[in-house]
Amino acid sequence: MRETLTIPVSDGITLAAVVTRPQGAGQYPAVVSAHAYSTDEQFMPMRPIGFSHDRGHLEAGSADFFARRGYAHVVVNVRGTGASGGTYENLGPRTIKDLAEAIGWLAEQPWCSGNLGMFGISFFAIVQPLVAQLSPPALKAIFAPYGYTDMYRDRYYHGGILSHRFMQMWLPSLDNARLKSLLVDEIGQTAFDAGNAEASADDDLMSVDFLRKILTDPLAGQNGMIADILQMPLDNAYFRARSVDYDRGCTVPGYFGACWGVHGLHLPGALRSFQNWNGPRKLTIGPPVYLDRPFYQYHLEALRWFDHWLKENDTGMMDEPDVNLFVVGTGTWKSAAKWPLPETRFTRFYLHENGEMSEREYAAGEGATSFADSPYKRENVEFWSYPMVEETEVCGPMVLNLHASTTDTEALFFVSILHRDAEGKETLLTRGWLRGSQRATDPERSTPWQPWHPHDKREPLEPGAVTEFAIEVRPYAIALKPGEQLGLRIKCADDEAPAQALDAICQGHLWSAKAARVTIHHNAEHPSHLVVPVTAGNRIGTFVSGGRLT
């Protein structure tokens, strides 16, 4: 049976929700799915299709699936969306407090057993660890694959570079959204106007139609939320309040996951949560195809998870490996207890002249490779490994330690990891980003395979000076067959035509409106190299010959 609910919260507004319960009287554990989209559309009876932008918001899962198995499924709109009251605050603290209070209210309903979980992907997943931080007593478990956990690094500013196209595509998906500038209320109109004027003087921002229109009239219609983001190019309290703080709560059992394909949004959050969660946790990273819409694929896994934690039925799930990873190129999974995998050999692949990349260290006299970047032509350089002689598994985080110079005071680095099969077909695997002026790292939070950038200041580059940049590259897992190659593309834009929908999610960043010449230095004094996580094979390294005798 299905009915509407009106859930009161402590500041006087109400949240609109729909509950689907098993037929007949009784008390049931409840699964809560919170979102900002059309609730009616979450229940549309349609055949799933592969991921598409049009259906991207159909992420609550099947309420009937849970009701048939003894659960109440509650789909609730966050404040400022749908029929819920209030103003949308971009997942601010009040929104998360609402959901914690809603969980307490639901636990007291006569049809509820008092045990609740949270469920859903993307937006539905993003809110879950934020609610878990507050430790509402009735919340017994979350099932949150495909959710970012750091609003600055995962959502708006990849490597300090603004990601604007996804904002433009995503905003129309919200249902009855009441958006406004929160910043103008916080700092006042005069300071807001000054900040908007500063942003409007940025040629890079003004070169993007979508952004220019917002900056021209920042408080019109729904412009306010994005206008706020444009005034905050550095990590600050706004983003921290909307990101997971693993030092707070986070003790309920948490199931996390993603796929290798959504590296520009959800993947880092899943790995970050697994590594830092304070309670029991599981991690699944699937093949790079996202999930069908309406979403249904993880239902059986979620059922086992909720049966274990909400019904106290030992499903054996906690006796199984904590980490399950799909390895592209094999069609199979591998399991582990840790991330990164204990067997990982982090191997340096040095960049060489003639676009070569190998474990071989530098000979005397090696030099540099240059390319031009301008609004008229976005050039790039590529470096390729020699063909693999043995099957080689690469699984884990990567980092490009790059020595580079530019004729400008800024450089926007876009790093792509590529795969080339034996027939020469090339495929994008994953990416990394870094704004050169935000290159500073925190040594205490960084590792040799994963740098951590505070993104709290900008330090202009000195034109012509060689500078070292540690560029985080999002993880991947692939088995390279003999004859196949691993490639690296370095560019200052992401203007390549997306090969499929997931590539589009990860593209659409700010580019420089200036012309510059960028030089990649690769020699003994400036040893540019890609750190590759080799987890099997390549025991003695690659061969210039590719293993073919002449």
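Modeller: Let us begin with burial: a residue is buried under 20% relative accessible area, exposed over 50%, and partly exposed in between, with a 1.4 Å probe and protein chains only. Tyr152, for example, has a relative accessible area of 0% and is therefore buried. This is a predicted model, in which local features need pLDDT of at least 70 and side-chain atom pairs count only at pLDDT 80 or more, while totals for chains, interfaces and linings use all residues. Residues are numbered from 1 along each chain as its sequence is written, and side-chain values use heavy atoms, with hydrogens and water left out.

Colleague: What share of the 550 residues of the protein counts as buried?

Modeller: The buried share is 60%.

Colleague: How many helices and strands are there in the protein?

Modeller: Both are DSSP runs numbered from the N terminus: helices are H or I with at least four residues, and strands are E with at least two. The protein has 15 helices and 23 strands. Its radius of gyration is 24 Å, close to the 24 Å that the globule rule gives for 550 residues, so the protein is as compact as a globular protein of that length. Here the radius is taken over C-alpha atoms, and the rule is 2.2 Å times the number of residues to the power 0.38. Along the principal axes, the C-alpha atoms fill a box of roughly 80 × 60 × 40 Å.

Colleague: How is a pair of aromatic rings described?

Modeller: The distance of the centres and the angle of the planes describe such a pair. Rings of Phe, Tyr and Trp (its six-membered ring) pair if their centres lie within 6.5 Å; planes under 30 degrees apart are stacked, over 60 edge-to-face, and the rest tilted. The whole structure holds 32 aromatic pairs. In one of them, the ring centres of Tyr71 and Phe306 are 6.4 Å apart and the planes lie at 55°, so this pair is tilted. Because Tyr71 lies in the loop between α2 (63–67) and β4 (72–77) and Phe306 in helix α14 (residues 299–309), the pair ties together parts that are 235 residues apart in sequence. Tyr71 is buried at 0% relative accessibility, and Phe306 is buried with a relative accessible area of 0%.

Colleague: Are the rings of Tyr152 and Tyr157 stacked or tilted?

Modeller: They are stacked, because their centres are 5.0 Å apart and their planes are at 15°. Tyr157 counts as buried at 3% relative accessibility.

Colleague: Which charged residue lies over the face of Tyr290?

Modeller: A charge sits over a ring if NZ of Lys or CZ of Arg is within 6 Å of the ring centre and within 35 degrees of the ring normal. Arg293 lies over the face of Tyr290, 4.4 Å from the ring centre. Pro294 belongs to the loop between β10 (281–286) and α14.

Colleague: How many disulfides does a search of the whole structure find?

Modeller: A disulfide is a covalent bond between the sulfur atoms of two cysteines. The cut-off used is a pair of cysteine sulfur atoms within 2.5 Å. The search finds zero disulfides. For Cys492, the nearest cysteine sulfur, that of Cys506, is 19 Å away. Cys492 counts as buried at 4% relative accessibility.
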